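Please read it alongside the sequence and the coordinates.

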Amino acid sequence: MREIFIKNRIIIFRTLGLVMLFVGFAVHIWASPKEVLIENEIAAANVARMEASAVVRRVSKKEAPKSEASKFIEELENAQNEQIQYLTMLSMALGVGLLAYSFMPRNDSLKKPL
């Protein structure tokens, strides 16, 4: 097993590096917020907001107090977003490190002399 790893270590490190870079970019693209929304989605959100505000005004004039759960959920989402950012950075750094390590010249002391 060790001989197989030593014989193919450059290929293994390059493959792992590329996979880690791919994972990092995939997580970044998947987790990044969409900055551009389609006009229909914006219009639908505005209509839903207007309908919700009309319903709230009809039901009662006073505002309902905010629950403490909303603060907890907001902090949980912030923590998850930070974790995803750290995962992305770690994955990309590990991928670049593995690729750089695979391209470094080495003195192979494990080779047997003829």
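## Aromatic cluster

In this predicted model, Phe5, Phe13 and Tyr101 are joined into a cluster by ring pairs. The number of aromatic pairs found under the distance rule is two. One of these brings together Phe5 and Phe13, whose ring centres are 6.0 Å apart and whose planes meet at 85°, so the pair is classed as edge-to-face. The other links Phe13 to Tyr101, with ring centres 5.0 Å apart and planes at 85°, so this pair is edge-to-face as well. Because Phe13 belongs to helix α2 and Tyr101 to helix α4 (residues 68–103), the pair of Phe13 and Tyr101 ties together parts of the chain that are 88 residues apart in sequence.

Arg9, a residue of helix α2, has a relative accessibility of 16% and so counts as buried. The C-alpha atoms of Arg9 and Ser102 are 7.9 Å apart in space, although the two residues are 93 residues apart in sequence.

Another pair involves Leu90, which is found in helix α4, and Leu21, one of the buried residues of α2. Their C-alpha atoms are separated by 9.8 Å, while along the chain the two residues are 69 residues apart. Leu90 itself is exposed, with a relative accessible area of 58%, as the threshold for that class is over 50%.

Helix α2 covers residues 9–31. Its 23 residues reach 32 Å from the first C-alpha to the last, which is close to the 33 Å expected at 1.5 Å a residue. The buried residues of this helix are Arg9, Phe13, Gly17, Leu21, Gly24 and Val27.

Which residues form a nonpolar patch on the surface? The patch consists of Val19, Phe22 and Val23, which together present about 280 Å² of accessible area. Within it, Phe22 has its place in helix α2 and, at 61% relative accessibility, counts as exposed.

## Overall composition

The protein contains four helices and zero strands, and from the N terminus on its elements run α-α-α-α. Of the 114 residues in the protein, 11% are buried.

Note on methods
Residues are numbered from 1 along each chain as its sequence is written. This is a predicted model: local features need pLDDT of at least 70, side-chain atom pairs count only at pLDDT 80 or more; totals for chains, interfaces and linings use all residues. Side-chain values use heavy atoms; hydrogens and water are left out. Patches are made of residues with over 30% relative accessible area and no salt bridge: like charges are joined within 9 Å, nonpolar side chains (Val, Leu, Ile, Met, Phe, Trp, Tyr) within 5 Å. Accessible areas come from the Shrake-Rupley method with a 1.4 Å probe; for residues, only the protein chains shown count as cover. A salt bridge is a side-chain nitrogen of Lys or Arg within 4 Å of a carboxyl oxygen of Asp or Glu. Helices (H or I, at least four residues) and strands (E, at least two) are DSSP runs, numbered from the N terminus. Buried means under 20% relative accessible area, exposed over 50%, partly exposed in between (1.4 Å probe, protein chains only). Rings of Phe, Tyr and Trp (its six-membered ring) pair if their centres lie within 6.5 Å; planes under 30 degrees apart count as stacked, over 60 as edge-to-face and the rest as tilted. The expected span of a helix is 1.5 Å times one less than its number of residues.
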